[in-house]
Amino acid sequence: MGCRQRDARSTLLRVVAASDEAGDLLVDAQRRLPGRGAWLHQRSSCLEQAERRRAFARALRRPAPLDTSGVRSYLDSCGSEDVEPPTTDENGSNS
């Protein structure tokens, strides 16, 4: 979502909006929380790009700005790396 690159769902992190109106984002590591989800690479650079583009509000169809501090702390705790993924062509093979 942040870097706009496609990847397998097994490598992505699912993020959902909390059910209350507080505007908090929750990490759905088990991929079982109800509601609309947004998918994000497990890199802080991808999160920063999504924040800059205000992509969470659009993807989750929420009107207010959303609090991404929970997602950021999750990425920091799991030791996310800011390594760019390998480039692939439209067929999915590495180039």
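1. In this predicted model, D67 sits in the loop that runs between α2 (55-59) and α3 (69-77). Its relative accessibility is 36%, and D67 therefore counts as partly exposed. On the surface, D67 gathers with D20, E21 and D24 in a patch of negative charge. The residues of such a patch have over 30% relative accessible area and take part in no salt bridge, so the 36% of D67 is in keeping with its place there.

2. The structure holds two salt bridges, and each deserves a separate comment. In one of them the side chains of R14 and D28 meet at 2.4 Å, taken from N to O. Because R14 lies in strand β1 and D28 in the loop between β2 and β3, this pair ties together parts of the chain that are 14 residues apart in sequence. As for burial, R14 has a relative accessible area of 10% and is therefore buried, and D28, with a relative accessible area of 4%, is buried as well.

3. The other pair is formed by the side chains of R72 and E51, which meet in a salt bridge at 2.6 Å, N to O. Since R72 belongs to helix α3 and E51 to helix α1, the parts tied together here are 21 residues apart in sequence. R72 is partly exposed, because its relative accessible area is 26%, and E51 likewise counts as partly exposed, at 28% relative accessibility.

4. Helix α1 covers residues 44-53, and its buried residues are S44, S45, C46, L47 and A50. These buried residues of α1 pack against β3 (37-41), α2 and α3. Just after α1, R54 takes a positive phi of about 55 degrees.

5. Which residues does A17 touch, once those up to four places away in sequence are left out? The contacts of A17 are D24, L25, R36, L60 and R62, and one of these, D24, is also a member of the negative patch on the surface. A17 itself lies in strand β1 (residues 12-17), and because its relative accessibility is 16%, below the 20% limit, A17 counts as buried. The C-alpha atoms of A17 and L60 are 7.0 Å apart in space, although the two residues are 43 residues apart in sequence.

6. R4, which is found in the segment before β1, has a phi near 65 degrees, a positive value in a residue other than glycine. Is R4 buried or exposed? With a relative accessible area of 62%, R4 is exposed, since the term applies over 50%.

7. R31 also has a positive phi in a residue other than glycine, with a value near 60 degrees. R31 is found in the loop between β2 (25-27) and β3, and D28, the salt-bridge partner of R14, lies in the loop between β2 and β3 too. R31 is partly exposed, because its relative accessible area is 37%, whereas D28 is buried at 4%.

Notes. Residues numbered from 1 in each chain as written. Predicted model: local features only at pLDDT ≥ 70, side-chain atom pairs only at ≥ 80, totals over all residues. Heavy atoms only, no water. Patch = residues over 30% accessible without salt bridge, like charges linked within 9 Å, V, L, I, M, F, W, Y side chains within 5 Å. Areas by Shrake-Rupley, 256 points an atom, 1.4 Å probe, with all protein chains shown as cover. Salt bridge = Lys/Arg side-chain N within 4 Å of Asp/Glu carboxyl O. Lys, Arg positive; Asp, Glu negative; His and termini not counted. Charge placed at Lys NZ, Arg CZ, Asp CG, Glu CD. Helix = DSSP H or I, 4+ residues; strand = E, 2+ residues; numbered from the N terminus. Buried < 20%, exposed > 50% of the residue type's maximum accessible area, 1.4 Å probe, protein only. Contact = heavy atoms within 4.5 Å.
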